[in-house]
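Welcome, and thanks for taking a look at this one.

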Amino acid sequence: MFARVWANLIGRIGGPMTFRLVLQPTVAVCFAIRGGIRDAREGRRPHGWVILTDSRKRMELLRESWQDVAKVFLAAVMIDFIYQVSEFRWFYPEEALIVATLLALLPYLMFRGLANRIALHWLHGGKV
């Protein structure tokens, strides 16, 4: 199973529909930038760090994150579904979830905190 998953994931890089490998992370990063700027305006700490360190706010922030990236994540799953059916004539849901996580959730979580830091620096004229 792991060999199949790995081979199928690597095969997506040069296969059909490669546009999504750029488009979906780009959309996720746009949502992350929007969220990071919103956090900075509200004076909130970097999103990912708070999720990792503050158990009281974790669920609230995870819900907020999901609201931002749910459509991108679901679109990634649906596009991967189409890709799999056209390429493999079968659907492997675990692969679709891996791909959607890599293309939507990971970029979002990586860039929201960075966007927050940059926005704080910009909003306060470099005095953060």
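**How H4 meets H5**

H4 and H5 pack with their axes 8 Å apart, at an angle of about 150 degrees. The crossing in which H4 passes H5 is right-handed. Please keep in mind that this is a predicted model.

- On the H4 side, the contact is made by Glu64, Ser65, Trp66, Asp68, Val69, Val72, Phe73, Ala76, Val77, Asp80, Gln84 and Phe88.
- H5 brings Glu95, Ala96, Leu97, Val99, Ala100, Thr101, Ala104, Leu105, Tyr108, Leu109 and Arg112 to the contact.
- Sorted by class, the contact of H4 with H5 holds 15 nonpolar, three polar and five charged residues.

**The overall fold**

- The protein chain has five helices and zero strands, and its elements run α-α-α-α-α from the N terminus on.
- Its C-alpha trace spans about 55 × 30 × 25 Å along the principal axes.
- The protein chain has 128 residues, of which 38% count as buried.
- Among contacts in the protein chain with a separation of 6 or more, 73% come from residues 24 or more positions apart.

**H2 against H5**

- H5 also packs with H2: the axes of H2 and H5 come within 6 Å and cross at roughly 35 degrees.
- H2 passes H5 in a right-handed crossing.
- The contact of H2 with H5 comprises 19 nonpolar, four polar and five charged residues.

**The largest nonpolar core**

- Which residues make up the largest nonpolar core? The 11 residues are Ala28, Ala32, Val69, Val72, Phe73, Ala76, Val77, Ala96, Ala100, Ala104 and Tyr108.
- Helix H2 (20-41), H4 and helix H5 (93-123) are the elements that give two or more residues to this core.
- H4 gives the most to the core, with five residues.
- As general background, nonpolar side chains in soluble globular proteins tend to be buried together.
- Alanine 100, one of the core residues, touches Phe73, Ala76, Val77 and Leu105 when residues up to four places away in sequence are not counted.

- Serine 65 is found in helix H4, which covers residues 55-88.
- Is serine 65 buried or exposed? Serine 65 counts as buried because its relative accessible area is 5%, and the cut-off for buried is under 20%.
- Setting aside neighbours within four places in sequence, serine 65 is in contact with His47, Ile51, Tyr108, Leu109 and Arg112.
- Leucine 97 has its place in helix H5 and, at 46% relative accessibility, counts as partly exposed.
- Beyond its neighbours within four places in sequence, leucine 97 is in contact with Phe73 and Val77.
- Leucine 97 and phenylalanine 73 are 24 residues apart along the chain, and their C-alpha atoms are separated by 8.7 Å.

**Aromatic pairs**

- How many aromatic pairs does the structure hold? There are four.
- In one of them, the rings of tryptophan 66 and phenylalanine 73 have their centres 5.4 Å apart; their planes lie at 65 degrees, so the pair is edge-to-face.
- Tryptophan 66 is partly exposed at 40% relative accessibility, whereas phenylalanine 73 is buried, with a relative accessible area of 10%.
- Tyrosine 83 and phenylalanine 88 also form an edge-to-face pair, because their planes are at 90 degrees, with ring centres 5.8 Å apart.
- Tyrosine 83 counts as buried at 2% relative accessibility, while phenylalanine 88 is partly exposed, with a relative accessible area of 27%.
- Tyr83, Phe88 and Tyr92 are linked into a cluster by ring pairs.

**A residue to look at in the loop**

- Arginine 89 is placed in the loop between H4 and H5.
- Phi of arginine 89 is near 60 degrees, a positive value in a residue other than glycine.
- For context, most residues other than glycine have a negative phi.
- Is arginine 89 buried or exposed? Arginine 89 counts as exposed because its relative accessibility is 65%, and the cut-off for exposed is over 50%.

Note on methods. Residues numbered from 1 in each chain as written. Predicted model: local features only at pLDDT ≥ 70, side-chain atom pairs only at ≥ 80, totals over all residues. Heavy atoms only, no water. Helix = DSSP H or I, 4+ residues; strand = E, 2+ residues; numbered from the N terminus. Buried < 20%, exposed > 50% of the residue type's maximum accessible area, 1.4 Å probe, protein only. Contact = heavy atoms within 4.5 Å. Core = buried A, V, L, I, M, F, W, Y, C linked by side-chain atoms within 4.5 Å. Axes fitted to C-alpha atoms, helices over the stretch in contact; angles between N-to-C directions. Left-handed = near helix turned anticlockwise from the far one by under 90°. Nonpolar A, V, L, I, M, F, W, Y, C, P; charged D, E, K, R; others polar. Phe/Tyr/Trp six-rings, centres within 6.5 Å; stacked < 30°, edge-to-face > 60°.
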